[in-house]
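Q: Can you walk me through the pockets and some of the packing in this one? I have it open here.

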Amino acid sequence: MYEELRALFGKEKPSVSKFETILSELPPVRRFYYHRLAYKVALCEWEYLTTRYQLFLTRYFTRDWQRTLDHLLENTVFGTLQFDLQDPDIILRFFGQMESRKPDHKISSVHMAFCFLLVFDYKISVESLGDKLRENSLTAEDLNWLNNNALVTNEPGTREPRVK
């Protein structure tokens, strides 16, 4: 698969813009084939790729977060591995709050939304969830709810502190 992708570029350095240009000259069926091939190469042959091809495929994946998420959930095992949350809204507010708590820390809310949607079964677009993460934060009511409904102890399997 990797060799076929390399053959598409010939001696040119791979890039998303070159990839799209090359594909624009192909019939729709071939275009679809090469889009799928790029995902397959990234998922199945990553360790064999040169750094240039790894960079190209990373940029290809991140050029359209929604397309990548849809592909991973519909055409790979990732779609069967998502976790169903009991109360996703409070988790989202907590998640957004924790990741944006430092003013000098710049986050990509769309990247965060993509990761969240890859792991958790929550029906919303990547862009919409990114907006939601950017806008929502924990409230005093959320903290009270957590305090009343979440048992806070050491995790199972950890040792209690020893007193000397």
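Q: Where do the numbers come from?
A: This is a predicted model, where local features need pLDDT of at least 70 and side-chain atom pairs count only at pLDDT 80 or more, while totals for chains, interfaces and linings use all residues. Residues are numbered from 1 along each chain as its sequence is written, and side-chain values use heavy atoms, with hydrogens and water left out.

Q: OK, which residues line the second largest pocket?
A: They are A42, W46, L57, T58, F61, T62, W65, T68, H111, F114 and C115. A pocket here is an open set of points on a 1 Å grid over the protein atoms alone, where a 1.4 Å probe fits, with protein on both sides within 12 Å along at least five of seven lines; lining residues have an atom within 4 Å of a point.

Q: What lines the largest pocket?
A: L85, Q86, D87, I90, I91, F94, W145 and L146. Helix α6 (88-99) and helix α9 (140-149) each supply at least two residues of that lining, and α6 gives the most, three.

Q: Switching topic: at what angle do α1 and α2 pack?
A: About 80 degrees between N-to-C directions (on a scale from 0 to 180, with axes fitted to C-alpha atoms over the stretch in contact), and the axes are 10 Å apart. So α1 is roughly perpendicular to α2, a label that covers 65 to 115 degrees.

Q: Which residues make the contact?
A: L5, L8 and F9 of α1 meet K18, F19, I22 and L23 of α2, where contact means heavy atoms within 4.5 Å.

Q: Last one: is S109 buried or exposed?
A: Buried, because its relative accessibility is 7%, and buried means under 20% relative accessible area with a 1.4 Å probe, protein chains only. S109 sits in helix α7 and touches G130, L133 and R134, leaving aside residues up to four places away in sequence.

Conventions. Helices (H or I, at least four residues) and strands (E, at least two) are DSSP runs, numbered from the N terminus. Angles under 35 degrees count as roughly parallel, over 145 as roughly antiparallel, 65 to 115 as roughly perpendicular and the rest as oblique. Buried means under 20% relative accessible area, exposed over 50%, partly exposed in between (1.4 Å probe, protein chains only).
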